[in-house]
Amino acid sequence: MTTSTPAVAPRVLSGIQPTADSYHLGNYLGALKQWIELQENYDAFYFIPDMHAITVEQNPQELHDRTISGCAQLLAAGIDPEKSTLFIQSHVPAHAELSWVLTCLTGFGEASRMTQFKDKSSRQGAEHTGAGLFAYPMLMAADILLYHPQFVPVGEDQRQHLELTRTLAERFNNRYGETFVVPEGFIPKGAAKIYDLQNPTAKMSKSGDNPRGLINLLDPPKVSAKRIRAAVTDTDTVIAFDRENKPGVSNLLVIQSELTGIAIEDLVASYEGKGYGHLKVDTAEALEAFTTPLRAKYEEYMADRGQLEAILQRGAERANEIAAATVHEVYEKIGFVVPSTMR
């Protein structure tokens, strides 16, 4: 009698920076909601990239508090530590160790062509741009390659960095022997792009021009409802989904649809003969119904710091086990004298 080998779930990895006191609705509907779904069928690794955060100047206490808060928000949103590996980047030394090796494999021209570096350095000026921002893509490559994921959920703004990651994996494999999985980037099915409430042609972002265009998950419902009521629509009164001609109305329809599970076409049909006021009230109510339990769970995690730290310790232990083995293999292949503590 033969027994079949259980199928190994493919691995996914992604991270979200602790650069604000609260994640916003665009973070959740554009990424976190899909993370929660992926953990059901994938070996999911999710982390808080606090090392990436310091590529720009940070207040130390704010970075500390936002990192803890970010972990609590992920758990409150639905990341299950029994199904996913959740950890803080700086808790795994291998990220910095592999990053240096990959930096030495990266051409100066390759790194210089990274669009995000060019954009940010041109805005900040050379005197205010740290070398860490230049090396950011190599650290991101290390984040990914350490864990041998087959898939990396990625937005359009990170696709160039993922392509560099793939290039470096192939370069290392060709030079030193098969070592890294060359990961595939993908946008998970159902990922929604949420736009700024005041400028509905721009993606919702904490760096938006007007703070009223942002919906933070931890904001009181009254604050979020006020921002939705003040959302830019148009001079028409017809509720229809039309990204080009009705971006503001379409944005509200997408938000409500994603939060309630009601198809956009069904929402549009339900608003026949009604005005934008009805759409805004219903969207605000759907948002409150979603954020109220999330905020309550968040407060529970923040009140029980011991439980939160235990979850992060377990995540770091599993991440370290895999990442340290990867660095050990890399060090041996490039000719480093590997200490007995790594063997």
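**Ground rules.** I am working with a predicted model, in which local features need pLDDT of at least 70, side-chain atom pairs count only at pLDDT 80 or more, and totals for chains, interfaces and linings use all residues. Residues are numbered from 1 along each chain as its sequence is written, and side-chain values use heavy atoms, with hydrogens and water left out.

**Overall form.** I looked up the secondary structure and found 13 helices and five strands, taken as DSSP runs (helices H or I, at least four residues; strands E, at least two) and numbered from the N terminus. The C-alpha trace spans about 75 × 60 × 45 Å along its principal axes.

**Burial.** I noted that 48% of the 343 residues count as buried, meaning under 20% relative accessible area with a 1.4 Å probe, protein chains only.

**Cores.** I looked next for nonpolar cores, which are sets of buried Ala, Val, Leu, Ile, Met, Phe, Trp, Tyr and Cys residues joined through side-chain atoms within 4.5 Å. The largest has 57 residues, and Leu25, Tyr28 and Leu74 are among those with the most contacts inside it. Helix α12 (residues 276-303) gives the most to this core, with nine residues. A second, separate core of 37 residues includes Phe45, Ala142, Ala319 and Ala323.

Key. Buried < 20%, exposed > 50% of the residue type's maximum accessible area, 1.4 Å probe, protein only.
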